[in-house]
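The following exercises are to be worked through with the sequence and the structure at hand. Each task is followed by a solution in steps.

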Amino acid sequence: MKARALSNAQMRAADEYTIVKLGVPSEVLMRRAGLALADEVEAATKKLKAGKVLVVCGTGNNGGDGYVCAQELINRGICAEVYAAEGELSIDCAREKERYKGDYSRHICGAIIVDCLFGTGFRAKLPVCFRRLLKKLILPART
């Protein structure tokens, strides 16, 4: 079966349907997303024989997925750290950040960098703090 990508609006609708109509808590969805991401990152670390993983976490639910992923990688014995974006956290993101027991990085460096900055809540206007963060992510790749 061919996988199909959903638009932001379709993904938000799918999440809302799952939470409201099916009664699956957002916490469960976030755990599932973070664990699935950890599976993919773990496979990449093995394939690439990569060292440290840096998970760049935003302030919304995508950031929460990142905290779950980073903690799971640590639980699996993979060297992982979080670079945390500044700003007000969503309720779900704050909960997962509180649960995260690993280290934080102040620098954008890692053999694998996992982007958990923006999800379906992204809007076209980027706050200044995120513009600076994205420059840190992009500029090292050009050198």
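Two strands are taken to pair if DSSP finds at least two bridges between them. The model examined here is predicted.

**Exercise 1. Determine the strand order of the open sheet and identify its edge strands.**

Solution.
Step 1. The sheet has four strands, arranged in the order β3-β2-β1-β4, and the pairing is parallel.
Step 2. Strands β3 (103-104) and β4 (112-116) pair on one side only, and they are therefore the edge strands.
Step 3. Between β2 (residues 80-84) and β3 there are two bridges, and Glu 81 has Asp 103 in β3 as its bridge partner.
Step 4. Between β1 and β2 there are five bridges, and these strands also run parallel. Cys 57 stands opposite Ala 84 in β2.

**Exercise 2. Decide whether the residues of strand β1 are buried or exposed.**

Solution.
Step 1. A residue counts as buried when its relative accessible area is under 20%.
Step 2. In strand β1 (residues 53-57), five of the five residues are buried, so the strand is largely enclosed by the rest of the structure.
Step 3. Val 53, Val 55 and Cys 57 point one way, Leu 54 and Val 56 point the other way, and all are buried.

**Exercise 3. Describe the salt bridges in which Glu 42 takes part.**

Solution.
Step 1. The structure contains 10 salt bridges. One of them joins the side chains of Glu 42 and Lys 46, at 3.5 Å from N to O.
Step 2. Glu 42 and Lys 46 are separated by about one helical turn, because they are four residues apart in helix α2 (residues 26-48).
Step 3. Glu 42 is buried, with a relative accessible area of 18%, whereas Lys 46 is exposed, at 59%.
Step 4. Glu 42 also meets Arg 76 in a salt bridge, at 2.8 Å from N to O. Arg 76 lies in the loop between α3 (61-75) and β2, and Glu 42 in helix α2, so this pair ties together parts that are 34 residues apart in sequence.
Step 5. Arg 76 is partly exposed, with a relative accessible area of 27%.

**Exercise 4. Which residues are linked with Glu 96 in a network of salt bridges?**

Solution.
Step 1. The network links Glu 27, Asp 92, Arg 95, Glu 96 and Arg 99.
Step 2. Within helix α4 (residues 91-99), Arg 99 and Glu 96 are three residues apart, which means a separation of about one helical turn. Their side chains meet in a salt bridge at 3.1 Å, N to O.
Step 3. Glu 96 counts as buried, at 3% relative accessibility, while Arg 99 counts as partly exposed, at 37%.

Note on methods. Residues numbered from 1 in each chain as written. Predicted model: local features only at pLDDT ≥ 70, side-chain atom pairs only at ≥ 80, totals over all residues. Heavy atoms only, no water. Buried < 20%, exposed > 50% of the residue type's maximum accessible area, 1.4 Å probe, protein only. Salt bridge = Lys/Arg side-chain N within 4 Å of Asp/Glu carboxyl O.
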